[in-house]
Amino acid sequence: GKTLQYKDLIKMPDKVDVWTRSFANEFGRLAQGAGGRVEGTNTIFFIHHHEIPNGRTPVYARIVVDIRPQKEEVERTRICVGGNMIDYPGDVSAKVADIATAKILFNSVISTPDAKFMGIDIKNFYLGTPMARYEYMFMPIDLIPQEIIEEYNLMDKVHNGKVFMEIRKGMYGLPQSGIIAQELLTERLAKHGYHPCRHTHGLWKHDTRPITFTLVVDDFGVKYVGREHAKHLADSIAKYYPISIDWDGKLYCGIHLKWDYQRRTVNLSIPGYVTSALHEFQHPEPKKPTHAPSHWNKPVYGRAPQLTSIDTTDTMTTSQTKLLQKVVGKFLFYGRAVDPTMLHILSELASAQTKGTQQTMDAMTHFLNYCATHPDASITYTASDMILHIHSDASYLTAYRAHSRVGGHFYLGKIPDNTNPKPNGPILALAKIIDVVVASAAEAEVGALFYNCKAAVPLRTILEEMGHIQPATPVQVDNSTAVAIANKQCKQVRSKAIDMRFYWIQDRVDQNQFHIFWAPGKGNYGDYYTKHHPIYHHQDERPNILNEPTR
């Protein structure tokens, strides 16, 4: 169950040959080839120690191994630069699409007549970009395959047991790799009519062709109407880079996509992710199914006051804290991508990372049992009018130290009318703690409006840059006082003490960006992300949250 590194693999008789060859191939790709079977990219050159310029400090090289079944070379070895040690003087922030942008594009595909989706992957994207400022790294000679030592005569270049390399082109780990590769790509594709959108990172369009795509590092997710236009994009990229094309659009950024263009639906999933994560954390199979992501304490109704329970268990050990951090980091991507039902408990666990107790560890174990019970979540999107809708809710005084929680369910639906339609699969789910102590349930609800509508502003921009013009975004709330405050329909007395940031929502309503309206709490999906619920509630609501098809 232990995660193995390269130095572990080459000690195993049954694995040493395949991984040594994989590592030699990586050196060949980066340098000037290997054994006549791998073509080099001239990214690195082996040099003597004295050839390093004055004032430049070489950094360590890190070896990363992985199994990639979808790649031509399954056993993958990558050399990454210790970029955390590099002090690069320029801008290093590359503009890539986030997961919400990609989800909006998926919805746009099924909601646009005759549109389809494809994937394009640039091979060795970072390795082909020339750098004006060279960098330097080293690696112990003991780790370098003998084949490479002999082919490049490295024993003559050893200094204090290390071999030094000059990096002349972008490669993995360099902090500037992303931005210089992206700048070159932008310059090249501009010649063919493709440009990044002004306001949305990672979103690109063509001047005249019905082509829109998102870009995450070297992965293109392409919406097109007409195969000839998709071929134009592929040919434009292939003019400068080696590429692979997925015409079926089955995989994008690790998310599996199942398209049904006749029914106009797409299903998102990440098979095996949870199982792999549980194996990584060595979490045993639960003795019985766990259908709720968190514990729920049944309230005792009656006259007696219900006091907050005090956690008196021991604080977490250092190793437990590190484990908790790994669990939160591992599942946060999965929750945001395909299983928002776990976002509430992940928010709670994340807030306890620096001050957790054994009760926190018990909550983490319960959560992992839930993951083991429901290892393969999926979200389904159906065709819509591409209008953003929001369900906003708050839970008063349910977080630590008298704080309150915010929940938001964002989906793309039909043009607003007087009905309250069943929500689509979420493109974004919000589960967080209000960072100030609020004085009433109404203030908590106004705070939820602030957080949810603030998150909605860039989503509205993404939709409009994709060509989907937005009316005032309908926001459903189940608290009439919060609705009245947002719409300036009440005389404020005690509510004057509400945090001034929350009045931001009134200005946005005045600008016709949002339409705040009341609807019964039973149909408000935002409630799901604000508190712990009983098991039956999770079992009833999970299919609705994920928009699972009716069987």
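Author: A helix here is a DSSP run of H or I with at least four residues, and helices are numbered from the N terminus. The model is predicted.

Reader: In which helix is His344 found?

Author: His344 is in helix 9.

Reader: Is His344 buried or exposed?

Author: The cut-off for buried is under 20% relative accessible area. His344 has 5% relative accessibility and therefore counts as buried. Setting aside neighbours within four places in sequence, His344 is in contact with Arg405, Ala431, Tyr529, Thr530, Lys531 and His532.

Reader: How many of the nine residues of helix 9 are buried?

Author: Seven of the nine are buried, so helix 9 is largely enclosed by the rest of the structure. The buried residues of helix 9 are Leu343, His344, Ile345, Leu346, Ser347, Leu349 and Ser351.

Reader: How should I read a pair of packed helices?

Author: Two packed helices are described by the angle between their axes and the distance between the axes. For helix 8 (residues 318-337) and helix 9 (residues 343-351), the angle is about 150° and the axes are 10 Å apart. Angles over 145 degrees count as roughly antiparallel. Helix 8 and helix 9 are therefore roughly antiparallel to each other. Their crossing is left-handed.

Reader: Which residues make the contact of helix 8 and helix 9?

Author: Helix 8 contributes Leu324, Val328, Phe331, Leu332, Gly335 and Arg336, while helix 9 contributes Leu343, Leu346, Leu349 and Ala350. Sorted by class, the residues in the contact of helix 8 with helix 9 are eight nonpolar, one polar and one charged.

Reader: At what angle do helix 7 and helix 8 pack?

Author: Helix 7 (residues 273-280) packs with helix 8 at an angle of about 175°, and their axes are 11 Å apart. That makes helix 7 roughly antiparallel to helix 8. On the helix 7 side are Tyr273, Val274, Ala277, Leu278 and Glu280; on the helix 8 side are Lys330, Phe331, Phe333 and Tyr334. The contact of helix 7 with helix 8 has seven nonpolar, no polar and two charged residues.

Reader: Which residues does Phe367 touch?

Author: Not counting residues up to four places away in sequence, Phe367 touches Pro293, Val327, Phe331, Met342, Ile345, Leu346 and Leu349.

Reader: Where does Asp218 lie?

Author: Asp218 is in the loop between strand 9 (211-216) and strand 10 (219-224). With a relative accessible area of 15%, Asp218 is buried.

Reader: How many residues apart in sequence are Asp218 and Phe125?

Author: They are 93 residues apart in sequence, and their C-alpha atoms are 6.1 Å apart in space. Leaving out residues up to four places away in sequence, Asp218 touches Ile120, Asp121, Ile122 and Phe125.

Reader: What separates the C-alpha atoms of Leu9 and Gln489?

Author: Those atoms are separated by 68 Å, and the two residues are 480 residues apart along the chain. Leu9 is in helix 1 (residues 6-9). Leu9 is buried, with a relative accessible area of 6%. Not counting residues up to four places away in sequence, Leu9 touches Leu4, Lys15, Val16, Trp19 and Val65.

Note on methods. Residues are numbered from 1 along each chain as its sequence is written. This is a predicted model: local features need pLDDT of at least 70, side-chain atom pairs count only at pLDDT 80 or more; totals for chains, interfaces and linings use all residues. Side-chain values use heavy atoms; hydrogens and water are left out. Axes are lines fitted to C-alpha atoms, for helices over the stretch in contact, and angles run from 0 to 180 degrees between N-to-C directions. Helices (H or I, at least four residues) and strands (E, at least two) are DSSP runs, numbered from the N terminus. Angles under 35 degrees count as roughly parallel, over 145 as roughly antiparallel, 65 to 115 as roughly perpendicular and the rest as oblique. A crossing is left-handed if the near helix is turned anticlockwise from the far one by less than a right angle, and right-handed if clockwise. Contact means heavy atoms within 4.5 Å. Ala, Val, Leu, Ile, Met, Phe, Trp, Tyr, Cys and Pro count as nonpolar, Asp, Glu, Lys and Arg as charged, and the others, Gly among them, as polar. Buried means under 20% relative accessible area, exposed over 50%, partly exposed in between (1.4 Å probe, protein chains only).
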